[in-house]
Amino acid sequence: MLADLVESTGIPAELVSPDGTKLQAGQGEPAFRVVVHDESALTGGLDELALGAAYVDGRLDFEGDRVRMFDVRAHLVDRTPMAARVQFLLQLLSAVTSMNRKAISFHYDLGDDFYLTFLDRRHRLYSQGHFHTETETIEEAAEQKLETIYESLQLEPGMRLLDIGAGWGGATKYFAERGVQITALTIADDSYKHVFELTRDLPNAEVRLEDFLEHRPESPYDAIVILGVIEHIPNYRRFAEQVSACLAPGGRLYLDASAAREKHDLSAFTRRYIWNGAHTFMAVQDVVEELLFHGLEVLEVKNESRDYELTMRQWAERFDTAREQIVAGWGEQVYRAFRIYLWGGCHALGTDGLQAYRVVARQGPQRGPRPGLLRRARSFAISLRG
């Protein structure tokens, strides 16, 4: 059955059974090899979560082309256990800020040192860089991204900027060093400590351990930047309402994230091992709708899927290079789970299984209308009267 599954991809591969027997799938030199160490690796079925769990537990291994082997994924069933579905629904019904904290805690409790094994070493951005050529390093791509943000937000020294999700302080430090008055928010304890130490000698930088949805500024900001964090704020109405409340008229928003065409379209493996809680890839159409309803003018929507694919490829390569350090510090299972996450993300972005977008918007003088059912019926009735 496993051989038939691999054969269906049309990619030549080799399968090795626990007794060492080799089975060829497809014609030509194998692009990758599946090594089954334990028969129990296949007793859970050939769905995505079962095979992923078998790899994390070390009952099977993949060798060879680390991107092409994910072509098998399109032929797998993605079954989410009922218990996980119930848990997800309960989390969606919980308080938004509580839900945000749980999701952030699950993913980031591995500590700063873990993520710094693969992020760019200059700005430590946990989002896509901007590549002018495909041979550039992620350090160069991160620098170019920050320059793009500075220009898109039309920032100048002395302007007030809100950074939602401080991460490892790369954006906060970059903009503060250019004279911008920046307030950075984070709800992760490690992030707060890291960014505080990083910016303690910059008087125009302030970092707060605070949820954006609970933030109450003394006066509106000239601009807001949020890199990836919208994936942890699935309530777009609350988000857009808060953005509108925090931005001065004419103020700009720069937002980017990995995206999917359908909100909450997240695999069972990813939800179990990587992004717990109500995490969701951005549904860009829904975000844009809410921004418009709350009086923001959308200036730009740009597809950055290729940039994110190149970013994740370099993350995955660096992660593999740091294998011994990661296994020694966090264990073999953590290494294997994140290896699937990084290489799988690279593959998904390259095959349109995932996308990435940036959105730039500007606060208008007043909030836009929200066309509810009665308003739409009234508009329809007026149109019929000619």
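**Terms and what stands behind them**

Author: Let us start with a pair of residues: Leu15 stands opposite Leu23 in E2. This is a predicted model, where local features need pLDDT of at least 70 and side-chain atom pairs pLDDT 80 or more, while totals for chains, interfaces and linings use all residues. Residues are numbered from 1 along each chain as its sequence is written, and side-chain values use heavy atoms, leaving out hydrogens and water.

Reader: How do you know that strand E1 and E2 pair?

Author: Two strands pair if DSSP finds at least two bridges between them. Strand E1 (residues 13–16) and E2 have 4 bridges, in the antiparallel sense, so they meet that definition. Strands here are DSSP runs of at least two residues labelled E, and helices are runs of at least four labelled H or I, numbered from the N terminus.

Reader: What makes strand E2 and strand E4 stand at the edges?

Author: The open sheet has the order E2-E1-E3-E4, with mixed pairing. E2 (22–25) and E4 (60–64) each have a single partner strand, so one side of each is left without a neighbour in the sheet.

Reader: Why is H2 called oblique to H14?

Author: Their axes come within 8 Å and cross at roughly 140°. Axes are lines fitted to C-alpha atoms, for helices over the stretch in contact, and angles run from 0 to 180 degrees between N-to-C directions. Angles under 35 degrees are roughly parallel, over 145 roughly antiparallel, 65 to 115 roughly perpendicular, and the rest oblique. That is why H2 is oblique to H14.

Reader: Which residues of H2 and H14 make the contact?

Author: Contact means heavy atoms within 4.5 Å. Gly52, Tyr55 and Val56 of H2 meet Gln333, Arg336, Ala337, Arg339 and Ile340 of H14.

Reader: What makes H2 largely enclosed?

Author: Buried means under 20% relative accessible area, exposed over 50%, and partly exposed in between (1.4 Å probe, protein chains only). In H2, 9 of the 9 residues are buried, so the helix is largely enclosed by the rest of the structure. Its cover includes helix H1 (2–7), E4, helix H10 (268–273) and H14.

Reader: How many residues of helix H7 are buried?

Author: In H7 (residues 170–177), 6 of the 8 residues are buried, so this helix too is largely enclosed. Those residues are Gly170, Ala171, Thr172, Tyr174, Phe175 and Ala176. After H7 comes Gly179, with a positive phi near 90°.
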